[in-house]
Amino acid sequence: MTALEPLAPSGCGCDRRDTAGKLIPIDTALSLIADRAQPVAETETLYLQDARGRILAAPVVAQAAIPPFDSAAMDGYALATSALSGPGPWTLPVVARGPAGQPAAALSGLQASRIFTGAPLPAGADAVIMQEEVRRHAHSIRIAQRPIPGQNIRHAASEMPRGAVMLHEGSRLGPREIAACASAGASHLLLRRRLRVSLLVTGDELRQTGAPRDAAQIWDVNTPMLRTLLAARPEVDLIAVETGLDSRDGLFLQIAELAGASDLLITTGGISVGEEDHVKPAILARGGRIAFSGVAIKPGKPVTYGQIGSTHWLGLPGNPLSAFVTWHLFGQALLHRLTGNHSAGPARRHVVTADPVRHKPGRCEYRPARCIGFDPQGREVVTFAAETHSARVGALHAADGLMLIPADAADLPPGALAEFLPFC
Ligand SMILES: Nc1nc2c(c(=O)[nH]1)N[C@H]1C(S)=C(S)[C@@H](COP(=O)(O)OP(=O)(O)OC[C@H]3O[C@@H](n4cnc5c(N)ncnc54)[C@H](O)[C@@H]3O)O[C@H]1N2
Ligand code: MOO
């Protein structure tokens, strides 16, 4: 680790060295979440078409073999290769016609059946010859090349036998998983019930956009931002969105009410060290237990996690970029645990920096970054702001993900390799 002189302070002034020692590493914080958060036990059964974005509480198994019968993979003619004796060409009478969705009449000996893609293979046939490869006469076909047994046939159970597991418990049902369920013949799915989540955004200085604002007041960014992030998750039932004033007693009552109704309470603001930061005292007064408070991360250092009875509480910092980043790192991890979601999130990947990185060793930094192309080796290149400002989200929309600057990294030149966590 390189010791550097302090650089110019960033937007929130949170880079003070004397605080770094109390902070825990990100991985420790994630382990504490993983240890304490268990999936909600209750389940519900929904129709496949209503299950988008939900989490499977039981595996989905194939109701029948996939595919269920031998069928044609091409439009053409079904025949028995064993009936083609001697050298070709061969002429075969076309004795039947088999469209998809209809049972096929059996063939015997030197006979062919007109067949269409997806139609059942007639008994007695073992190959399908594409129509482009035959000469069709009125009631017969002439073929010059001997077809190979099994040619252009989709064999029954070639993808999966009946009863095989198509999707495991814990899968999140996106379009590809829904497609898999449909091909397994699943009409009803056993799902984890939706997670009841409440959002409490604190700060006397906040006003909703559209409302009158005094000189010392600012627009509330966290409410619309987090509401949108949560509303995009079908596994979440956002049961309450409230704003709270900076008073311990007021917050105590709000927290008591929201925690009583929720599996997860998310707060923003009021968790730092000033005497105006009332969220932690209110949580503790309500009998809450704090698992961690303060992570060696920038932005988002004061992020806090604990429990109030059986309700989980995630305290995000007030600064909007800090709230966004900590939601991505800790909120999503918590949501995964509580909903029993075992699906892998967006995979981290390596990218190359387009710009120099200024970084003071001490805390891991997650800096919004945008993919701008590829270098001559085909590696993805990202650009980013010179500094992270916790209060600024104006440029966040242009980012594709968060670039990780490791805690012990000093300044890095352009062209350095960095980890990148895409938003989706
Ligand atoms: N003496 C210290 N002061 C601070 C420290 C510290 O270690 N020692 N940490 C700083 C860091 S880092 C952060 S991050 C903030 C976090 O503080 P809180 O989580 O208690 O948040 P607030 O004080 O309530 O607000 C911080 C900042 O963000 C603005 N804010 C709050 N909510 C919203 C919202 N919904 N929309 C838009 N902006 C919001 C608020 O006005 C403040 O400017 O603490 C530092 N202080
Ligand atoms: O303002 Mo701070 O950077 O920890 O989120």
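How are α4 and α7 oriented relative to each other? The sections below take up this question in a predicted model, and then turn to a sheet.

## The helix pair

Helix α4 spans residues 222–231 and helix α7 spans residues 320–339. Their axes come within 10 Å and cross at roughly 20 degrees. Angles under 35 degrees count as roughly parallel, and α4 and α7 are therefore roughly parallel to each other. The crossing in which α4 passes α7 is right-handed.

On the α4 side, the contact is made by N222, M225, L226 and L229. On the α7 side, P320, A323, F324 and W327 take part.

## The open sheet

Which strands form the open sheet, and in what order? Six strands build the sheet, in the order β7-β4-β6-β5-β9-β8, and their pairing is mixed. In general, strands of a sheet pair through backbone hydrogen bonds, in either a parallel or an antiparallel manner. From one strand to the next, the twist of this sheet averages 40 degrees.

The edge strands are β7, residues 127–130, and β8, residues 134–136. Each of these edge strands pairs on one side only.

Strand β9 covers residues 140–143. Strands β8 and β9 pair in the antiparallel sense, over three bridges. Which residue of β9 is the bridge partner of R135? The partner of R135 is R142.

Conventions. Residues numbered from 1 in each chain as written. Chains lettered and ligands numbered in written order. Predicted model: local features only at pLDDT ≥ 70, side-chain atom pairs only at ≥ 80, totals over all residues. Axes fitted to C-alpha atoms, helices over the stretch in contact; angles between N-to-C directions. Helix = DSSP H or I, 4+ residues; strand = E, 2+ residues; numbered from the N terminus. Parallel < 35°, antiparallel > 145°, perpendicular 65-115°, else oblique. Left-handed = near helix turned anticlockwise from the far one by under 90°. Contact = placed C-beta atoms within 7 Å. Pairing = 2+ DSSP bridges.
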